[in-house]
Amino acid sequence: MATPKTPRSRCPVPLSPRITHQWLPPCERTRVTVRVLLLPNAVGAKGSRGSNGSLDSQEESPRVGGGGGSSGKAKDERPLLKPGSATSEAADAATPSESLEELEKKYAPYVRKDAYGTMGRGELQPVEKVLLGIALVTLVPIRLVVGIFVVVLYYLICRLCTLFYAPNQEDGKDDYAHMVGWRRVVVVRTGRFLSRVLLFVLGFYWIRKSHRSCSAEDEDKQPVESERPEVVVSNHISYVDILFQMSSYFPSFVAKRSVARLPLIGIISKCLGCVYVQRESKSSKGVSGLLTERIQEAHQNKLYPMMMLFPEGTTTNGNYLLPFKTGAFLAKEPVLPVILKYPYNRFSPAWDTISGVRHVFLLLCQFVNHLEVIHLPVYYPSEQEKDDPKLYANNVRKLMATEFPAGQFNALRYWVG
């Protein structure tokens, strides 16, 4: 007898609210939790029966494939199972197991496997509770005070450098990317230094960096005169990624327009030259157009900041590489691939299914955090890749997945999702 299929939906119907929150990324929890409340028996349930012995809800009842009537809908041709029969119990037990495996596979890039459990709410060992208590009264207050001092200090520096200097406000822009002279020098140098100080405050005392060289075959394909890449692309794991990129390249980022209005952070993001986007944007160019224009400006004027883009579009647990979006590759310019890894023993700095406040608190409680950075060679697109941004994006993604050094922590797997 064919195994019944669950109704099709964008996300598998969860088994319970607990499993829902365990495997779903933050943006999906609210919607699917509502579905759990409305359809508590959608998976693995036999369903209530009407007076005629059929399932009451035809829309939610499982159907098997095969032919169909004129309406195009598949009919449920499996025999009705009697309650309590061995076949019925076996079918009910198999469906939840299969659904759980599907959930594990679908949301594997967001699963946390550190000592703090799912969403940082797992049961802690007594030793871990003692360590958290010690950090709470020693490390956390000191790190909070020093961190706030550093942010306020850089805010004042940015405010001073932007006095009597109007930001660029054309085509959805609102930034100081075109800032030049002593103002730009002060903003960049102090920004890079203070970003590294913040990383130190968060426990990233040592950052291990490595550079991969080109093979002889690839060197022949590269231009004789190597140019500064206008775009840095990286996997996205945590908000700590931004601090590291600021301390290394001090590039521009893509941010929501509301970030520009945040206290302290707003003026700092403008000095970074962030490209602000919003869903209700009336700009004829769109987000891709703004990014392409900014990348081309950086190519023509080396005083412009580089663009830092996370083509995955979201954060993961760092063990998978999601499909790339094409925004970073539409300008047809070379890109610098960078791989970030956060080795850990107790707490994973990955910001996946854990709330922001809880993540910051647990990060501050760690005595030492680790960061490993791998710089791959600058990727120069071929003529075919320039004509096909999707091909360009996929090839860079494959390079980042396959070139990850084996035997160092967890291998970066090429996740096809």
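Reader: Hello! What should I know before I start?

Author: Welcome! The model is predicted, so local features need pLDDT of at least 70 and side-chain atom pairs count only at pLDDT 80 or more, while totals for chains, interfaces and linings use all residues. Residues are numbered from 1 along each chain as its sequence is written, and side-chain values use heavy atoms, with hydrogens and water left out.

Reader: How many helices and strands does the chain have?

Author: Helices (H or I, at least four residues) and strands (E, at least two) are DSSP runs, numbered from the N terminus. Here the chain has 13 helices and nine strands.

Reader: How do I read a sheet, and what is the strand order of the open one here?

Author: Strands of a sheet pair through backbone hydrogen bonds, either parallel or antiparallel. Two strands count as paired if DSSP finds at least two bridges between them. In this model, five strands form an open sheet in the order 1-8-7-2-5, and the pairing is mixed. Strand 1 (207-211) and strand 5 (307-309) are the edge strands, each pairing on one side only.

Reader: In which sense do strand 1 and strand 8 pair?

Author: Strand 1 and strand 8 (residues 371-375) pair in the parallel sense, over five bridges. To find one of them, look for S210, whose bridge partner in strand 8 is I374.

Reader: Which helix lies across strand 2 and strand 7?

Author: Helix 13 (residues 389-402) lies across strand 2 (231-234) and strand 7 (335-341), and runs at about 40° to strand 7. For such angles, axes are lines fitted to C-alpha atoms, for helices over the stretch in contact, and the angles run from 0 to 180 degrees between N-to-C directions.

Reader: At what angle do helix 6 and helix 8 pack?

Author: Helix 6 (residues 181-201) and helix 8 (residues 240-248) pack at an angle of about 140°, with their axes 7 Å apart. Angles under 35 degrees count as roughly parallel, over 145 as roughly antiparallel, 65 to 115 as roughly perpendicular and the rest as oblique. Helix 6 and helix 8 are therefore oblique to each other. The contact (heavy atoms within 4.5 Å) involves R192, S195, R196, L198 and L199 of helix 6, together with V240, L243, F244, M246, S247 and S248 of helix 8.

Reader: How much of the chain is buried?

Author: Buried means under 20% relative accessible area, exposed over 50%, and partly exposed in between (1.4 Å probe, protein chains only). By that rule, 44% of the 417 residues of the chain count as buried.

Reader: Why is helix 9 called largely enclosed?

Author: Seven of the eight residues of helix 9 are buried, so the rest of the structure largely encloses this helix. The buried residues are G266, I267, I268, S269, K270, C271 and L272. They pack against helix 5 (139-161), helix 6, helix 8 and strand 4 (275-277). Helix 9 is followed by G273, which has a positive phi near 80°.

Reader: Which residue has a positive phi although it is not a glycine?

Author: L264 is one of them, with a phi of about 65°. You will find L264 in the loop between strand 3 (254-256) and helix 9 (265-272). With 31% relative accessibility, L264 counts as partly exposed. K332 also has a positive phi of about 65° without being a glycine, and its place is in the loop between strand 6 (320-321) and strand 7. At 41% relative accessibility, K332 counts as partly exposed.
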